[in-house]
Amino acid sequence: MIELPTTSGDGHTSETFVPVFSNEELVFTTDETAQIERWKSHYPTVDGAIMRVLWLAQEKFGYLAPEVIRLSAEATGIPYAKAYGVATFYTQYFKKKKGKHVLDVCTCFTCQLCGGYDILHYLEEKLGIKSGETTSDGEFTIQQAECLGACDAAPMLQVTNGRYVMQLTPEKIDAMLDALRDGKSLEFESMTLPQDADEMGGNRRSDTQAVLETKAPPIAETIL
Ligand code: FES
């Protein structure tokens with residue numbers, strides 16, 4: 001067992017965790033370490049690299065268990081508490097093991113008005129779990145999300161910090177779940193704003209190939 005400080009309480013307390021990952025597993029490879037060093041040199045202070053290092057760690061370990069956050073903090077050269085603060089601030093960093101596909105359903109204002117909760121409850125019923133839970137086969141986790149910046153396409157959801165699925169309907173949810181279960185890539189959807197109608201063939205966001213090839217940013221293997 002290891003003791004890691006937490007940000008709860010008066011700042012002087014610590015909690016005991018039973019690590020999920022062994023010391024043998026808790027290492028970055030030579031290439032990963034080199035990448036981390038490049039990120040660190042890219043910012044005025046090394047603190048700036050922590051988001052990328054945490055992202056890399058999440059891709060590598062699946063989620064940010066306390067010992068993974070500690071590894072990330074040590075690799076970056078910052079205190080654990082600082083890395084913990086960043087990891088717990090953003091919902092995109094998973095602090096617990098999630099399903100293979102994490103469905104972030106936006107229930108913020110615009111999506112809510114456009115049926116975001118109906119979509120959430122439809123998904124919950126369909127998968128037999130509540131928001132925050134993971135299906136027993138480990139395939140899906142449902143979460144509620146704050147505004148994801150696609151209000152014009154409400155109601156919408158995001159799949160595992162990546163693809164947006166927009167203007168949701170029950171039929172679309174069914175098709176999305178089938179596609180994800182079959183390991184198929186979701187079709188790219190492009191929204192055209194009314195003011196864009198006469199520009200670039202009626203769709204300024206028409207670079208579908210670039211979007212199809214884009215993974216959830218920031219990509220850990222991106223070399224600056
Ligand atoms: S309110 Fe849902 S994307 Fe903005």
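Modeller: Helices (H or I, at least four residues) and strands (E, at least two) are DSSP runs, numbered from the N terminus. Residues are numbered from 1 along each chain as its sequence is written. The model is predicted, so local features need pLDDT of at least 70 and side-chain atom pairs count only at pLDDT 80 or more, while totals for chains, interfaces and linings use all residues.

The chain has eight helices and six strands, and they follow one another as β-β-α-α-α-α-β-α-α-β-β-β-α-α. Just after α2, Gly62 has a positive phi of about 95°.

Nine of the twelve residues of α2 are buried, which leaves the helix mostly covered (20 or more other C-beta atoms, placed from the backbone, within 10 Å of the residue's own). They are Ile50, Met51, Arg52, Val53, Leu54, Trp55, Leu56, Ala57 and Gln58. Their cover includes α1 (30-42), α3 (66-76) and α4 (80-89). In the chain as a whole, buried residues make up 28% of the 224 residues.

The largest nonpolar core has 23 residues (buried Ala, Val, Leu, Ile, Met, Phe, Trp, Tyr and Cys joined through C-beta atoms within 7 Å). Each of α1, α2, α3 and α4 supplies at least two residues of this core, and the largest share, seven residues, comes from α2. Ile50, Val53 and Leu54 are among the residues with the most contacts inside the core, together with Leu64 and Ala83. Leaving aside its neighbours within four places in sequence, Ala83 is in contact (C-beta atoms within 7 Å) with Ile50, Leu54, Ile69, Ser72, Ala73, Thr76 and Ile78. A second, separate core of 20 residues includes Leu120, Phe140, Ala154 and Met156.

The strands complete the picture. Four of them form an open sheet of mixed pairing, in the order β4-β3-β5-β6, where two strands pair if DSSP finds at least two bridges between them. β4 (140-145) and β6 (164-165) stand at the edges with a single partner strand each, so one side of each has no neighbour in the sheet. β5 (residues 157-159) and β6 run antiparallel and are joined by two bridges; Gln158 has Tyr164 in β6 as its bridge partner.

Methods
Contact = placed C-beta atoms within 7 Å.
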